[in-house]
Amino acid sequence: MTDIVIKPRAKVRTKTERPRLHKVILVNDDYTPRAFVVAVLRAVFRMSEDEAHRVMMTAHLRGVCVVAVFAKDIAESKATEATDLGRSAGHPLSFTTEPEE
Ligand code: TYC
């Protein structure tokens with residue numbers, strides 16, 4: 001009987017890279033009330049009133065603010081949840097994600 005020989009892949013990866021973390025970014029707009037932004041940050045990202053206020057003001061003054069860093073799927077679902085809360089209330093509030101360097 002003839003043996004079937006399966007050739008190993010030419011290159012075997014020896015290094016396992018950690019999956020990159022993703023930033024959730026709060027984007028400023030001219031319409032969403034400040035108190036609403038703070039409430040969303042508190043509800044979705046479990047921030048204190050002070051912390052949420054600082055993040056909201058940073059986005060308000062600088063245009064964007066990094067809210068938190070998570071694994072990709074968690075960052076994306078939190079950004080979507082927070083953006084949807086704004087949309088449901090008729091606000092253009094926007095959260096985006098991007099990979100960390
Ligand atoms: N700029 C908004 C206002 O003046 C408040 C605001 C802050 C909205 C941060 C979005 O990400 C934001 N009402």
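Colleague: Is Lys23 buried or exposed?

Modeller: Lys23 is buried, with a relative accessible area of 14%; buried means under 20%, exposed over 50%, and partly exposed in between, for a 1.4 Å probe and protein chains only. This is a predicted model, in which local features need pLDDT of at least 70 and side-chain atom pairs count only at pLDDT 80 or more, while totals for chains, interfaces and linings use all residues. Residues are numbered from 1 along each chain as its sequence is written, and side-chain values use heavy atoms, with hydrogens and water left out.

Colleague: With which residue does the side chain of Lys23 meet in a salt bridge?

Modeller: In general, side chains of opposite charge can pair when their charged atoms come close. Here the partner of Lys23 is Glu98, at 3.3 Å from N to O; a salt bridge is a side-chain nitrogen of Lys or Arg within 4 Å of a carboxyl oxygen of Asp or Glu. The pair links distant parts of the chain, since Lys23 belongs to strand E1 and Glu98 to strand E3, 75 residues apart. Helices (H or I, at least four residues) and strands (E, at least two) are DSSP runs, numbered from the N terminus. Glu98 is partly exposed, its relative accessible area being 35%.

Colleague: How many salt bridges does a search of the whole structure find?

Modeller: The search finds four. One of them joins Glu76 to Lys72, at 3.0 Å from N to O. Both residues lie in helix H3, four residues apart, about one turn of the helix. Salt bridges that share partners also join Lys23, Glu98 and Glu101 into one network. In a further pair, Glu49 and Arg42 have their closest N and O atoms 3.0 Å apart. Glu49 is partly exposed at 42% relative accessibility, and Arg42 is partly exposed at 36%.

Colleague: Which residues does Pro99 touch, not counting residues up to four places away in sequence?

Modeller: Pro99, placed in strand E3, touches Arg20, Leu21, His22 and Lys23 on that count, where contact means heavy atoms within 4.5 Å. Pro99 is partly exposed, at 36% relative accessibility.

Colleague: Which residues of H1 are buried?

Modeller: The general idea is that an α-helix has 3.6 residues a turn, so residues three or four places apart point the same way. In H1, the buried residues are Val37, Val38, Val40, Leu41, Val44 and Phe45. Seen down the axis of H1, these fall within an arc of 160 degrees, so they line one face of the helix; the arc is that of the directions from the helix axis to the C-beta atoms. Their cover includes strand E1 (21-27), helix H2 (49-62), strand E2 (64-71), helix H3 (72-88) and strand E3 (94-99). After H1 comes Arg46, with a positive phi near 55 degrees.

Colleague: Which residues are around the ligand?

Modeller: They are Leu26, Val27, Asn28, Asp29, Thr32, Arg34, Val37, Met56, Ala59 and His60, each having a heavy atom within 4 Å of the ligand. Val37 is also among the buried residues of H1.

Colleague: Where do the polar atoms of the ligand lie relative to Val27, Asn28 and Asp29?

Modeller: A ligand oxygen is 2.8 Å from a polar backbone atom of Val27. A ligand nitrogen is 2.8 Å from an N or O atom in the side chain of Asn28. For Asp29, a polar backbone atom is 2.7 Å from a nitrogen atom of the ligand.

Methods. Polar contact = N/O pair within 3.5 Å; in protein donor to acceptor, adjacent residues only side chain to side chain.
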